[in-house]
Structures are given as C-alpha cells and as structure tokens.
Amino acid sequence: MNSFWGFPSKSRSFVSEASGGEKMVADASFSSYNNIMSTATNAMSLQSSYSQPLFTTPPLSIAIPKMENLGEMGLLRGSHNSSLIGRLREDELESEGGSGDEDNATHSKSSKKKKYHRHTPFQIQELEASFKDNPHPDEKSRLELGKRLSLDAKQVKFWFQNRRTQMKTQLERHENSILKHENDKLRIENIAMREAMRNPMCENCGSPAILGDVPIEQQHLMIENARLKDELARLHHLGGKFLGRSNGSMPPLPSNSSLDLSVGRNGFSGLNSLDHGIPLGLDFGNRMSNSFPAMPPNGNMINFSNKSLFLELAMAGVDELIKLAQLDSPLWFRSLEGDGESLNLEEYAKIFSPCIGVKPSDFATEATRATCNVMINSTQLVEALMDTKQWTELFPWNIGSASILDIISPGIAGSKNGMLQLMQAEFQIPSPLVPIRPVKFVRFCKQHGEDSWAVADVSIDTLLHGNVHVSCRRLPSGCIVRDMANGYSKVTWIEHTEYDESVAHPLYRPLLRSGIAFGAQKWSSNMRRQCELYASLASSAAFGVDHSALSPSGKRSIMKLAQRMTRGFCSGICSTVDEWELVQDADNTKLMTRKSSGNSGAPPGVILSASTTVWMPLSPQHLLDFLQDEKTRSHWDVLSQDGPMQSMLRFSKGRELDNNISLLRASADANQSDVLILQETCGDALGAVVVHAAVPAAEMDVVMNGGDSHAVPVLPSGFAIFPDCFPEGGGNKGGGSLLSIGFQILVSNLPEARLTVESVNTVKSLIGRTHRGIKGGLGCN
C-alpha cells in the first residue's frame, strides 16, 4: 500500500557494498535515506582501520573475493579470537595443499615452505566435467576420479570444495550487484521525488503550484489519475506488442513529469526508470506468475491491474488455440463421426502448461476439435461471436444466457481486432438430468493474417474467486475462422473443458465424456445449421423442400417465432434465463414454475414446466422419424386424438431434411379449427429436438403475412434426443437413445396464484401418458 506521495508504507531492505566487499543490509523507509548513507560512511571508516590482508593465496582469493582489506577484526566484526584465526589459516593451507603431501603438513609444524603442485589442464578439464555432472560426489566417485587422473582422494575432495565455494561466491556477488543497483535507483528516485515536492508545477498553466491551496482529496485524485494513465499506456504497449504493431503506431508512454516520478508503475516507485520488456509468457502451474498483480479478495472490482492480468491470460489463450488448430497427430486422433477429433491428453501435457492452474482431481476433461464450412464470411461471423445477442441467436440450444461484464479493450480503429471482453454465460443441453454450466471467462479476438481470425475464451473464475468451487472450467477454447473464395468461411472449432462429472446423472456421463453434448462438433454443427437459416432468410432462394408458398417476409416471421419457441423449450428444462423456481426434482423428473407478466413471449399468469428423461432402446434417428411423422402423432399427442394432423405448410431451414418448420391443423375438420400447431425440428447425428406449441389461427395468419411475431404468446412442449453412448449399446449406431420430454402449461391466469397439488399431478400424468404412448407406438412395451 502506498502512502500519500507513493512511498510504500512498509520498509524496504537497502543493500550497499563497501570497497572491501562486505555487504551491509539496513531496513528503512524511503524517507530515511540519510540514515542509510550515515551507516555506509561508518562502515567505510571501519574498514580503513584494518589493512593487513587475511588471505594471500590465489585459490582463496577466488573463493573469497575482495576480503583482503578488511583484516581479521573486519572479517569477524570485532569478535577477535586467535585460535579461530589459526584454524582458518590451517584450513586455507589444507585446501591449497591438496596437491602436496597433506599427512606431513598435518603432523609437522616446521616452518619450511611447502611445495605446491598445480593441476594439469587435462586434470582441470576432467574435474570440471565431473563437477557439471555431480557437484557433490561421494567417496567412491572421488576415489575413481582420483585414480583416473593420478590424484589423491583428498586432492579431489578439496578441489570440489573450492569449486563449490567459488560458485557460491559468484552467485552472492551477482545478487549483491543487483541489490546495489536497486539501492542506487531508489536513492535517485528519492532525490527526484523530493525535488518534485519542492517545485510542483500546474498542469494547466505551467506555473508553479502551491500545494497548500490544493485540498488533500484532490491531491489523492491527481496521483491516482497519473497512475491510471501510466497503467493505460502499459496496456496499450502490451497489446501493441502482441498485435504486431510497431511502437510508433501505439500511443506513446507518458513522460516522466514531476507527478509521474512520484507515482511508479503499478503503484511501486522506482519502476518508471526501468526499460524492461513486458513479459508475455504465462506459466501458472500451481501458482500465478510473479508479473501478475494480486487479485482483490472479493473479485468484484475490475481495476487496471486485473485488466492487465486478463490481457496476458487472453494472449496466452489465443496463442494456445492457434497451436491446437495447427497441430495434428499425435496431438489429435479421430474418435467421432464426421469431422470430430479428440485431444490426446498425454501429448497435450507434454506441449502445453495449464494456463489456469492444475485440474482438480475430481474433474473430468472433454477436449474436441471439428472443422466445417459455413455460409458466412469471417468478418460477419466474428461480429456475431463478439456480440452476446447475436452469439446466443447463433447457438440457441447451446447457450442459455450470456452477458458482457466489461469491455477491457474495444479493439483497434473500430474493428474487432484486439477486442477483449469479460463475459459470463450458461451452457446447456436440454435435459433435466444435466445441470447448466455457468462460466465466467475472457473472450479475445485477434486477426491472424489478412483473412483469418482467432476468437479465444479462457475461464477466469479461479483467478477472480480463488479457491471457490466451480463446476466447470473453460481452458483455451474457441475457433479459427478463414475466408474462402466462394463467400464461405472455414471454421476450426476447439472445445477444451474441465468439469465436475458428479453433478450429472449417470445416464449422461458417457455422453458428456464423448464430447457429443458440449463438444466442438456440436457447436460447429449448430453454427452451420444457423448460418444456412440466416442465408435462407436473406435470399429468396429456398433450401430443400418448400411447400409453403410464403412470401420472404412471412417465412422470416415464422422462423423467428419458431426460434423463440425452441429457446423457450430449452430454458424451461434446464436454464435460469426466465427466473424459473424449482418446485420438485426427484425420480428423474423436474418441476419448475415462473410468473409471467405477458411481455416475455408467454401468456400472463403462473406457468408450470415439467420435464423428465427416459432411456429408449431405439436409435436416435428412428425415434426422430417417429416423433415428426403426422401419421403416428396420435400415439402421444392429446390434441390429435380426434384424427390425424393435417399439414398446412412445411419448409426446410437448410440442406438437411431433418431441419424444418411445419404448421399443422389440430382437428380433422381443418376449416373449422381455430388452433394451429407450430412445430420446429432440428436434428443431426449428434442429437435432435422436436418442439411444438399451439398458436391461435388468427394470430398465426398475421405472422404468415409478415407481421410481428413477438406479440404471439407460446407455451412450448417437445422432445430432445441424444445417443446414449453406452459401450454395450454401440454408441449411436443401433444403440439406445436418451429421450427428454418437456411440457409447459398455464396453471392460472393470475400471476399471484399459487401452485396446487392438482396441477402438479395433472402435468405428471401428462408426461407419463406421453411416454407410454411413444413406447406403445414404437412397440417397446
């Protein structure tokens, strides 16, 4: 924490080095610089009293540098002990006599000068090589080395001792030099700050300012403003380095004015004068990098330090995403139908380090990659991904809700290049047995070439909230988008998620592990289908079968109504987007209620949602064909008890026949029926949904003529189908299916009404009857 003028409130350690090499450490605040200089002066006067060198031999002059001017009393700091000095000299002679006759030197006290033998260059070379391999050899290794080099074991032992001492001394000398350099910088900045405080200048007129006339609150604001400007310049510099722009194209860093000198970067004085590059790499492992500032305990304030952290995390994420998109085998292996691939986690661990920390031991991992061509150019797709409304419309069944918490960087020159957003979203699959996945993450968009973009997501829950438990963590995920010559875009989608598997029902765990539910192939398939829908809305050309004879505006209104109906069905099963209140969750059945005011696309009153999931011994395609066939609808639909449904219109939303919208009459006497059934079907090899809702005929006529569909209230019901992925079931090839059944009914027209037991029993019986009817119609009883 800084004091008023930017000084740290805690003391710092100052290290200086006297000319004799002795290190002095004193703890003081920045304002006690004079005391430090006084201490250093006393130490220098102390060393001048002793000029007799203690060690004169060359070997120890290497091991203990710059000690000859301190003398014995200087070395021992005044605690004179003649016997200790004698032992030190004996140790010196013993170490240096490693090449002579040590036994005679130990037992003989003659004053004759001993003979010293220098090691040959070959011996030194071999000793150095052995030291690199093992600086602490055992006795056996020393004997073998001495025998090979014609040296005594003690000679080898003393050489290694001296070599280790030399290494330690060199390290201490380097640390001492760094500390001394830091001490000098702090002293210089202290002087500069004192000078700035004596002569403050007004930023507006340039004339001398009188601090006494400025309120203390305004002075604090001025200092904080300078710090924020400096941090903003740092962010621009950091983003410019990553985006490949030259320093000249970025806003210049603020000059070191008087106020800038008193407020250092990130609140620490002494850093403005440094000219070091900003670290771009991340290596979290089990800890955060030292270059990252500490996060606030509550995680609510998104300050500049946090934004710098998010930027570095996002850059590491987009870098990993690009590498994952470029690398192939053995990092990826084919495991799914179509273009789906799964990540080889062992190979991944060899190449990448976890950028958001180590995976919790009870979490499972799903990591998949898929490639597809979509009917949209890269710029439009990137625009949709960076806008939450367009993003949720692009993936209406994957995303329950999404919002932008903060725009950390708005991009460069009005484009999405360099845009960084802090977001939160709920990912879902339509089943009451799989909870939603709430994730808080940063989304970074970077132009990767002239016609290529990268959009990367990385979770930040653990960074903001520390050890708070989360059920899902999103590792670097997203897509690489490249323009193609025919107006299409080639998209490589990557999904890498770690999640708590225990919160999901055992029926769905094999499906989640396979990556079919939340994997890259599911995202790319839904995106391709929606892009085909947008293309059909934008042109008069129709895909596939079109028996509607509708105008383009009428078709567009029906599609919007159908999409809102399907999103309402999915949210009524698992999402929190419409503020559903849980009533009961038992026996694979979930009951929820919500109060509608009539302005959310549903009729006013109390709405009850009931859903369940059952296993069916049929393939997903067989089950889908049965549910969308008007001739077999009477087995499970109450409204078709009087006779088969009559199809009024049907048109495809894309190139696949299983993706269509149809309008049905709910009575055999089609001319007298005042209720129509709007039905949407979306399906592929990874799953399908069939959603329907009753719509008054008069309101449907308005929509078919191109009228506004937002005013039409709907209560959707329907089915969601997924392959079971059980090993014994053979996956989705002749295996079983997981069928989710969902109904929404209006319990009362009054929003204040209470839910009754009769209403609960009625909707439960409706689900049970529908399930039995499907099993009977398919012969599964």
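This is a predicted model: local features need pLDDT of at least 70, side-chain atom pairs count only at pLDDT 80 or more; totals for chains, interfaces and linings use all residues.
The structure holds 11 aromatic pairs, and one of them, Trp493 with Trp523, is stacked.

**Helix α13**
- Helix α13 runs over residues 378-385, and its buried residues are Ser378, Leu381, Val382, Ala384 and Leu385.
- Those residues sit on the same side of α13, because they take up an arc of only 160° around the axis.
- An α-helix has 3.6 residues a turn, so residues three or four places apart point the same way.
- The cover over the buried residues of α13 includes α14, β8, β9, β11, β12 and α17.
- Where α13 starts, Asn377 brings a side-chain oxygen to within 3.2 Å of the backbone nitrogen of Thr379.

**Aromatic rings**
- The ring centres of Trp493 and Trp523 are 5.7 Å apart with the planes at 10°, so this pair counts as stacked.
- Trp493 belongs to strand β12 and Trp523 to helix α17, so the pair ties together parts 30 residues apart in sequence.
- Both Trp493 and Trp523 are buried.
- Ring pairs also join Trp391, Phe395, Phe427, Phe441, Trp493 and Trp523 into a cluster.

**Charges over rings**
- Arg443 puts its charged end over the ring of Trp391, 4.1 Å from the centre.
- Arg163 lies over the face of Phe131, 5.1 Å from the ring centre.

**Ser557**
- You'll find Ser557 in helix α18, residues 552-574.
- Ser557 has a relative accessible area of 8%, so it is buried.
- Beyond its neighbours within four places in sequence, Ser557 is in contact with Val703, Gly706, Gly707 and Ser709.

How values were computed: Residues are numbered from 1 along each chain as its sequence is written. Side-chain values use heavy atoms; hydrogens and water are left out. Buried means under 20% relative accessible area, exposed over 50%, partly exposed in between (1.4 Å probe, protein chains only). Helices (H or I, at least four residues) and strands (E, at least two) are DSSP runs, numbered from the N terminus. The arc is that of the directions from the helix axis to the C-beta atoms. Contact means heavy atoms within 4.5 Å. A polar contact is a pair of N or O atoms within 3.5 Å; within protein, one must be able to donate a hydrogen and the other to accept it, and residues adjacent in sequence count only if both atoms are side-chain atoms. Rings of Phe, Tyr and Trp (its six-membered ring) pair if their centres lie within 6.5 Å; planes under 30 degrees apart count as stacked, over 60 as edge-to-face and the rest as tilted. A charge sits over a ring if NZ of Lys or CZ of Arg is within 6 Å of the ring centre and within 35 degrees of the ring normal.
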